[in-house]
Amino acid sequence: MSYITLDGVSKQYGNVWAVDRVNMAIEKKEFVSLLGPSGSGKTTLLRIIAGLEKPTQGRVLIDGEDVTHLPPHLRGVAMVFQEFLLFPHRTVYENLAFPLRMLKLQKGEIEARVEWALGILSLNGLEKRYPNQLSGGQQQRVALGRGLVGRPKVLLLDEPLANLDRELRQEMEVEIRKHQSALGIPFIYVTHNQEEALSMSDRIAVVRGGRIEDFAARTDIYDRPKTAFIAQFVGRSNRFEGIAALQKKQLALRGTGVVIETSARDAIAEGMTAAAYVKNEKIRLRPAEKGADGGANTLFATIKHVILRGAYAEYLLTWKGGEIIASRPRSEVEFKEGAEVVAFWTGEDVDVFPAEKSA
Ligand SMILES: Nc1ncnc2c1ncn2[C@@H]1O[C@H](COP(=O)(O)OP(=O)(O)OP(=O)(O)O)[C@@H](O)[C@H]1O
Ligand SMILES: [Mg+2]
């Protein structure tokens with residue numbers, strides 16, 4: 001039996017199914033992200049787990065107990081939001097103590113737990129400050145602490161880092177993951193940011209139109225996308241659309257200006273319009289040789305722009321079929337703008353799906 005079970009959970013608003021027949025089983029020590037575009041139903045699903053929304057259908061079980069009809073404060077859950085929701089006229093200490101006063105804990109216990117939170121979140125020395133005297137990262141830590149002082153069975157986080165700049169966000173990602181591991185409780189983390197989901201999660205549920213498109217280990221979501229939507233939404237890739245031709249165990253896509261070859265996929269039939277995705281970092285480059293024949297999974301291109309991203313260079317390439325992007329480590333040969341190159345990849349690096357209208 002899983003620690004948290006969502007059993008056929010749906011939520012209808014008017015004629016919109018914000019959440020549509022969701023089944024999930026989450027284990028006790030898991031960090032799970034709900035990753036999806038705006039309006040896909042992530043917050044609604046989180047609020048259903050928290051008890052802030054009643055599902056139209058389905059059940060929620062936490063630690064073996066059916067909590068579907070329990071109010072939030074009896075579920076043992078805590079929630080951290082994007083807007084920190086700290087009380088502006090109360091000190092850090094009072095912000096952390098507040099949920100414990102609500103629980104009517106004894107004074108000594110409240111002090112002990114606030115001290116514990118100040119300690120694990122490196123907030124010692126800041127307890128007398130007011131929220132407007134803290135940095136964004138410190139405010140976020142207080143918000144996290146407020147979620148944790150009640151010793152919840154599960155912590156729900158709704159885009160808690162969305163207001164932070166990139167560097168701080170990346171630091172907080174490491175911290176949040178560290179706390180989750182140390183506490184040994186599940187964190188369910190809502191985000192539309194794939195980098196956040198990939199950096200922290202054990203498993204990622206990709207949410208689309210109220211449904212779970214796939215729920216799998218983060219490496220599977222990234223390396224072996226199950227649907228075109230996931231291939232497009234997770235990671236950065238180049239898309240080629242063409243007509244499928246099946247040859248023995250290979251599938252060729254034609255009419256794109258490049259012959260894409262990969263292992264045949266069950267879902268692709270002869271003559272079907274299919275879309276192939278190749279991640280930016282799977283596209284390799286070499287200097288163009290005169291008179292060489294392209295062959296499959298190869299195209300000739302010119303480097304239009306080079307964008308430096310620290311350890312990586314992103315090459316924006318133009319070729320007769322349009323533009324593609326190749327992302328290469330800077331330890332490799334660096335190409336200059338205007339250089340003519342051969343871009344190539346392997347059949348294993350191609351994900352092919354029946355073409356669907358872009359989401
Ligand atoms: N209280 C409500 N009343 C009516 N419709 C709602 C309500 N809350 C959400 N919705 C609708 O349900 C759908 C899912 O909304 P939800 O807030 O769960 O999306 P989300 O994935 O969290 O999006 P975002 O990334 O923008 O926060 C949307 O179409 C939204 O307009
Ligand atoms: Mg939301």
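Predicted model: local features only at pLDDT ≥ 70, side-chain atom pairs only at ≥ 80, totals over all residues.

**Helix packing and ligand surroundings**

Residues are numbered from 1 along each chain as its sequence is written, chains are lettered from A and ligands numbered from 1 in the order in which they are written, and side-chain values use heavy atoms, with hydrogens and water left out.

**H2 with H4**

- Helices here are DSSP runs of H or I with at least four residues, numbered from the N terminus.
- H2 and H4 pack at an angle of about 25 degrees, and their axes are 8 Å apart; axes are lines fitted to C-alpha atoms over the stretch in contact, and angles run from 0 to 180 degrees between N-to-C directions.
- The two helices H2 and H4 are therefore roughly parallel to each other (angles under 35 degrees count as roughly parallel, over 145 as roughly antiparallel, 65 to 115 as roughly perpendicular and the rest as oblique).
- Val 92, Asn 95, Leu 96 and Pro 99 of H2 make the contact with Val 142, Gly 145 and Arg 146 of H4, where contact means heavy atoms within 4.5 Å.
- By class, the contact of H2 with H4 has 4 nonpolar, 2 polar and 1 charged residues; Ala, Val, Leu, Ile, Met, Phe, Trp, Tyr, Cys and Pro count as nonpolar, Asp, Glu, Lys and Arg as charged, and the others, Gly among them, as polar.

**H2 with H3**

- The axes of H2 (residues 92-102) and H3 (residues 107-120) come within 10 Å and cross at roughly 130 degrees.
- That angle makes H2 oblique to H3.
- Among the contact residues are Val 92 and Leu 96 of H2 and Ile 110 and Val 114 of H3.
- This contact of H2 with H3 has 9 nonpolar, no polar and 4 charged residues.

**H4 with H5**

- H4 (residues 136-148) packs with H5 (residues 166-183) at about 20 degrees, the axes being 11 Å apart.
- That makes H4 roughly parallel to H5.

**Ligand 1**

- Residues surrounding ligand 1 include Tyr 13, Lys 42 and Glu 159, each with a heavy atom within 4 Å of the ligand.
- Polar contacts are pairs of N or O atoms within 3.5 Å.
- A backbone N or O atom of Gly 41 lies 3.0 Å from an oxygen atom of ligand 1.

Terms used: Polar contact = N/O pair within 3.5 Å; in protein donor to acceptor, adjacent residues only side chain to side chain.
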